[in-house]
Amino acid sequence: MDHFRRSTLNYFSAGGLDRATLLRPRDEWLHERLADPATRIIPVWQSRNLFEGDNVPRPVLLSPAQLRAGGFDCAEAILLGTYAEVAYFALDLVGDEASLSPLIPSGAGFRELRDAGPLLEANAGSMLAYARAITYWHVRHRYCGDCGAATRAAEGGHLRVCSDAACAQKHFPRTDPAIIVLVLHQAANGGEERCLLGRQVGWPETLYSAVAGFVEPGESLEDAVVREVAEETGIAVTAAHYCSSQPWPFPSAIMLGFTAIAGNDVIARHDQELADARWFTRGEIVAGLGSRQLRVARRVSIAYRLLEDWFDAGNLGPLLRYLPD
Ligand SMILES: [Zn+2]
């Protein structure tokens, strides 16, 4: 399977949305879309998305007229793109919960995307992730990092420009690269292949996941893999293989998934990020899940996908079969 197909299997990744980059600078087109009753706006409030329905959450999308009737200005709406000839925008709502009530249908409410994500249709999940990520960037870039003057949004919300004419610095939306890596070890005596999972400080006692960390300035992704694994577990990585990526707007990362080969298997935790790290065979994962002594990363995460891809290549069948209900 190629990287593109692998990535589209990750939650929040599989969007059919046309990002319409060439239309972003066309103010007249943007104004027309915000006057078009067919246009849909994804409301975001305090980084939460609006859902209705309990067991199967459905995103609530609003028309520009609904937002205006509720007293919200659509001029700051951010163009996400077009899908089936409908324009989609995101709007960060500022106000207390009571001021939002005219917008919220009966039984609907603002919820964390991370909780609702696995239950969403892929296209919807990816659009909500995009809305959450870009509104988060706007809220935190109201002032110029160069001179401190206020910034204003431009190009459909894909740029902020410093309002000081002498500076006029352009600020583009950012995403923070983070690597996540499933380290594998094959004993020289032909023993069973094992994967390395760690439990972060503060996590539940039984929850284990792949090693992850942010890529530092001036660092390649592969160097970040080697450094993070060494810092957190003392394991020296001898090879790294890229698998797939996943937008992870909690709040603003992109996760870059790798597998890596361990040159040794003696674990030594050098930083204080992990409370524990262990090697697991596939059989030990099955036993741990069965006895409830082990929990793995949620299915919404690329950490789960990396583990699942490795596990399913063994002879115990699909990992999904062993997950508790
Ligand atoms: Zn400036």
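Ser47 is partly exposed, with 18 other C-beta atoms within 10 Å; a residue counts as buried if 20 or more other C-beta atoms lie within 10 Å of its own, as exposed if 12 or fewer do, and as partly exposed in between, with C-beta atoms placed from the backbone. This residue is found in the loop between strand S1 (40-45) and strand S2 (48-52), where helices (H or I, at least four residues) and strands (E, at least two) are DSSP runs, numbered from the N terminus. The phi angle of Ser47 is near 65 degrees, a positive value in a residue other than glycine.

The model is a predicted one, in which local features need pLDDT of at least 70 and side-chain atom pairs count only at pLDDT 80 or more, while totals for chains, interfaces and linings use all residues. Residue numbers start from 1 along each chain as its sequence is written.

A second residue with a positive phi is Glu155, at a value near 50 degrees, and it too is a residue other than glycine. Glu155 lies in the loop between strand S7 (151-154) and strand S8 (159-162). With 19 other C-beta atoms within 10 Å, Glu155 is partly exposed. Another backbone feature is the cis peptide bond that joins Phe250 and Pro251, with omega at about 10 degrees. Pro251 has its place in the loop between S14 and S15.

As for the overall picture, the protein has 9 helices and 17 strands, and its C-alpha trace spans about 70 × 50 × 35 Å along the principal axes. Of the 325 residues, 35% are buried. Among contacts (C-beta atoms, placed from the backbone, within 7 Å) with a separation of 6 or more, 66% are between residues 24 or more positions apart.

The domain assignment gives domain 1 (11-140) and domain 2 (176-322); such bounds come from an automatic or database domain assignment. The C-alpha centres of domain 1 and domain 2 lie 33 Å apart. Where the two meet, 12 residues of domain 1 are in contact with 8 residues of domain 2. Helix H6 (residues 122-139) gives the most to the side of domain 1 that touches domain 2, with 5 residues. That side of domain 1 divides into 7 nonpolar, 3 polar and 2 charged residues, counting Ala, Val, Leu, Ile, Met, Phe, Trp, Tyr, Cys and Pro as nonpolar, Asp, Glu, Lys and Arg as charged, and the others, Gly among them, as polar.

Leaving aside its neighbours within four places in sequence, Leu307 is in contact with Leu182, Cys195, Ala210, Val296, Ala297 and Leu319.

Finally, Ala20 lies in the loop between helix H1 (3-8) and helix H2 (27-35). Ala20 counts as partly exposed, with 18 C-beta neighbours inside 10 Å. Although Ala20 and Thr82 are 62 residues apart in sequence, they are 6.6 Å apart in space, C-alpha to C-alpha. Beyond neighbours within four places in sequence, Ala20 is in contact with Leu79, Gly81 and Thr82.
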